Amino acid sequence: MSRMQLYRRNGWGSAIVEAQFAHYGLEVERIEVADLFLDPAARRELMRISPAGQIPVLILPDGRVLSESAAITLYLADMTERDDLVPDVRSAERPRFLRWLIFLVAQVYPCFTFGDDPARFLTDPAAQKELGEATTARLQELWLALEGAAGAPWFLGQRFSVLDIYVAVMSNWKPGPEWFAANTPKVWAIASATAAREDLAPVFQRNFG
Ligand SMILES: N[C@@H](CCC(=O)N[C@@H](CS)C(=O)NCC(=O)O)C(=O)O
């Protein structure tokens with residue numbers, strides 16, 4: 001069986017999937033993607049397998065394509081028949097897990113889609129600036145909600161999960177380390193502890209230095 005392939009870029013959301021492969025002890029071939037904000041040809045090419053033109057994208061050994069990090073996350077848990085990153089369907093933590101997983105991908109992630117390069121959506125420079133600022137303010141609100149919901153030492157309390165990996169990757173982005181450290185201490189502690197885990201440290205080192 002040939003290997004799975006992951007379309008990825010250092011520091012981007014593909015790190016969420018790389019960390020899961022590292023945790024499960026599974027191999028994946030890394031396919032490097034250019035900066036999709038600077039390289040329209042690379043974006044067009046990627047859109048053949050990722051309709052939104054985004055990474056991560058996972059290609060299964062038989063050629064089937066999985067985009068969307070949450071879909072990949074749930075698939076990997078199914079495939080490995082393990083519940084150490086994704087609580088089992090019958091577990092008490094499952095509803096809370098699903099709620100915050102979807103919150104991260106459906107609420108937090110789009111702030112970057114629309115805020116990272118507002119010029120994709122708006123021609124007026126003043127409107128672009130306003131959208132950039134509004135998405136950052138929205139991110140702050142969302143992260144404060146996550147802070148309120150977070151347990152310790154991990155997001156779900158005593159048990160580690162992929163929510164901790166999402167938090168650890170996404171807290172490298174806006175609103176920036178000073179803001180997280182000052183405003184979301186529980187999130188920040190989860191992020192530091194996750195990045196320091198023995199199996200995940202090489203992934204975080206590679207992606208975020
Ligand atoms: N809903 C997607 C979001 C993925 C996403 O926004 N990826 C970013 C990198 S972190 C991307 O590829 N951005 C390029 C673009 O939007 O053009 C997921 O959860 O996988």
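How much of the chain over residues 2-84 is helix and how much is strand? Over that stretch the chain is 36% helix and 17% strand, with helices (H or I, at least four residues) and strands (E, at least two) taken as DSSP runs numbered from the N terminus. The model is predicted, so local features need pLDDT of at least 70 and side-chain atom pairs count only at pLDDT 80 or more, while totals for chains, interfaces and linings use all residues. Residues are numbered from 1 along each chain as its sequence is written, and side-chain values use heavy atoms, leaving out hydrogens and water.

**Sheet**
- Four strands make an open, mixed sheet in the order β2-β1-β3-β4, where pairing requires at least two DSSP bridges between two strands.
- β2 (29-32) and β4 (65-67) are the edge strands, each pairing on one side only.
- Strand β3 (residues 57-59) pairs with β4 in the antiparallel sense over three bridges, and I59 stands opposite V65 in β4.

**Helices on the sheet**
- Helix α3 (residues 69-80) packs on the sheet and touches β3 and β4, contact meaning heavy atoms within 4.5 Å.
- Helix α1 (residues 14-24) also packs on the sheet, touching β1 (5-8), β2 and β3.

**Ligand**
- A polar side-chain atom of S69 lies 2.7 Å from a ligand oxygen atom, and a polar backbone atom of I55 lies 2.7 Å from a ligand nitrogen atom.
- A polar side-chain atom of R43 is 3.5 Å from an oxygen atom of the ligand.

Key
Axes are lines fitted to C-alpha atoms, for helices over the stretch in contact, and angles run from 0 to 180 degrees between N-to-C directions. A polar contact is a pair of N or O atoms within 3.5 Å; within protein, one must be able to donate a hydrogen and the other to accept it, and residues adjacent in sequence count only if both atoms are side-chain atoms.
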